[in-house]
Amino acid sequence: MGTPSLSPWAVLVLAVVPVALWAPRVVSRQPNFIVILADDVGWGDLGANWAETKETPHLDQLAAEGTRFVDFHSAASTCSPSRASLLTGRLGVRNGVTHNFSITSLGGLPLNETTLAEVLREAGYTTGAIGKWHLGHHGRHHPNSRGFDYYFGIPYSHDMGCTDSPGYNLPPCPPCPRHGTAARVARKDCYTEVALPLLENVTIVQQPVELGSLAARYAEEATRFIQRASHSGRPFFLYLALAHMHVPLTPPLPPAPGRGIYGATLGEMDALVGRIKEVADSHGKGDTLLWFTGDNGPWAQKCELAGRLGPFVGAWQRQRGGSSAKQTTWEGGHRVPALVYWPGRVPAKRTSHALL
């Protein structure tokens, strides 16, 4: 991304000017930015992209009121590298993050990298990160040291530590051992014995995490952040990195017939995005640019608990027993949904085929 002196407008303009997004309207104040990043979401998980999907009415409405990118690619097909690139504007071969960080990792996103949050904070923005971080959780690798004034979330994926309830992960995993019970034997394909923590800034507020209420807590914290920032009169940048659609899946209610566990969880994510859009609009419609996208494609090894690839199924690869999704360089691994919403600035009802 360069140095902290880089203008926030320069960062956003690099992405949107080449595809002629800007509508002819003058903005009288600095805009707010909300980036919503879904985890392991499939290109075909949005009804706006794939007619077979019926669980995303709010996201489909967002697409109708904004611009939909159908050829948008994450910078990597795994979590940490794609997130590092999103927040720095630099590919993993340049920013140093080429693999996922683990619970035992002592490092993180290199400290000499400049994040979008640092750029915007220097420009007078209030900055907040809510959700999954996965860019280092020790010392100065924490979000509060990487440009974010406020942080609420989990330090890595929610299958990287035992939880209150194992949810619907495959293979099935037991919950954390209770007090007074013998520790179970760790399995390589399952949770570790470390209980997954939920952080508010640098304080652990819950351990192990209650997965069933995590989405609601993210929505509440995001709402509070937007309200606080709006009342302060300062522009804000909110980076909301959801647990959806990564396993374990924890739909709030028993799935309706025909929807399945994945469909019910996708509907929960859709409702969360709709709520954030509604809150942002209530504090000044047209003041906020909202991006929705994904970190990489679906985790195909999870079978019916993984997302839809749409048409990017990689038939040649699948015929040989492989996957065309997450952790591969096939298109389903890195081509992700992307919606941009900014009333009065980003054209509505537009589909862009620009390669981004």
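Helices (H or I, at least four residues) and strands (E, at least two) are DSSP runs, numbered from the N terminus. The model described here is predicted: local features need pLDDT of at least 70, side-chain atom pairs count only at pLDDT 80 or more, and totals for chains, interfaces and linings use all residues. Residues are numbered from 1 along each chain as its sequence is written, and side-chain values use heavy atoms, with hydrogens and water left out.

## The sheet

An open sheet is formed by 10 strands in the order E6-E5-E4-E3-E7-E1-E8-E9-E2-E10, with mixed pairing. Two strands pair if DSSP finds at least two bridges between them. At the edges stand strand E6 (203-206) and strand E10 (350-352); each has a single partner strand, so one side of each is left without a neighbour in the sheet. On average, neighbouring strands of this sheet are turned by 15° against each other, direction ignored.

Leu198 has Gln206 in E6 as its bridge partner. Helix H6 (residues 214-232) packs on the sheet, where it touches E1, strand E3 (126-131), E4, E5, E6 and E7. Contact means heavy atoms within 4.5 Å. The direction of H6 makes about 175° with that of E7. Helix H7 also packs on the sheet and touches E1, E7, strand E8 (288-294) and strand E9 (338-341), its direction making about 180° with that of E1. For such angles, axes are lines fitted to C-alpha atoms, for helices over the stretch in contact, and angles run from 0 to 180 degrees between N-to-C directions.

## Helices H2 and H7

Helix H2 (residues 57-64) and helix H7 (residues 260-282) have axes that come within 7 Å and cross at roughly 45°. That makes H2 oblique to H7; angles under 35 degrees count as roughly parallel, over 145 as roughly antiparallel, 65 to 115 as roughly perpendicular and the rest as oblique. On the H2 side the contact involves Pro57, His58, Leu59 and Leu62, which meet Met269, Asp270, Ala271, Val273, Gly274 and Lys277 in H7. By class, this contact has 6 nonpolar, 2 polar and 2 charged residues. Here Ala, Val, Leu, Ile, Met, Phe, Trp, Tyr, Cys and Pro count as nonpolar, Asp, Glu, Lys and Arg as charged, and the others, Gly among them, as polar.

## Helix H3

Helix H3 (residues 79-88) is largely enclosed by the rest of the structure, because 9 of its 10 residues are buried. Buried means under 20% relative accessible area, exposed over 50%, and partly exposed in between (1.4 Å probe, protein chains only). The buried residues of H3 are Cys79, Ser80, Pro81, Ser82, Arg83, Ala84, Ser85, Leu87 and Thr88. Their cover includes strand E1 (32-38), helix H4 (92-95), helix H5 (116-122) and strand E7 (236-241). Just after H3, Gly89 takes a positive phi of about 75°.

## Cysteines and the disulfide

A disulfide is a covalent bond between the sulfur atoms of two cysteines. In the model, a disulfide is a pair of cysteine sulfur atoms within 2.5 Å. The structure holds 1 disulfide, which joins Cys162 to Cys176 with an S to S distance of 2.1 Å. The torsion about its S-S bond is about 105°, so the disulfide is right-handed. Both Cys162 and Cys176 lie in the loop between strand E4 (150-153) and strand E5 (198-200), so the pair ties together parts that are 14 residues apart in sequence.

| Residue | Relative accessibility | Class |
|---|---|---|
| Cys79 | 2% | buried |
| Cys162 | 1% | buried |
| Cys176 | 8% | buried |
| Cys303 | 51% | exposed |

## Backbone details in the loops

Cys303 is placed in the loop between E8 and helix H8 (315-318). Although Cys303 is not a glycine, its phi is positive, at about 55°. Asn201, in the loop between E5 and E6, is another residue other than glycine with a positive phi, near 55°. With a relative accessibility of 25%, Asn201 counts as partly exposed.

Cis peptide bonds also occur in loops. One joins Gln207 and Pro208, with omega about 0°; Pro208 lies in the loop between E6 and H6. The peptide bond from His244 to Met245 is also cis, with omega near 10°, and Met245 is found in the loop between E7 and H7.
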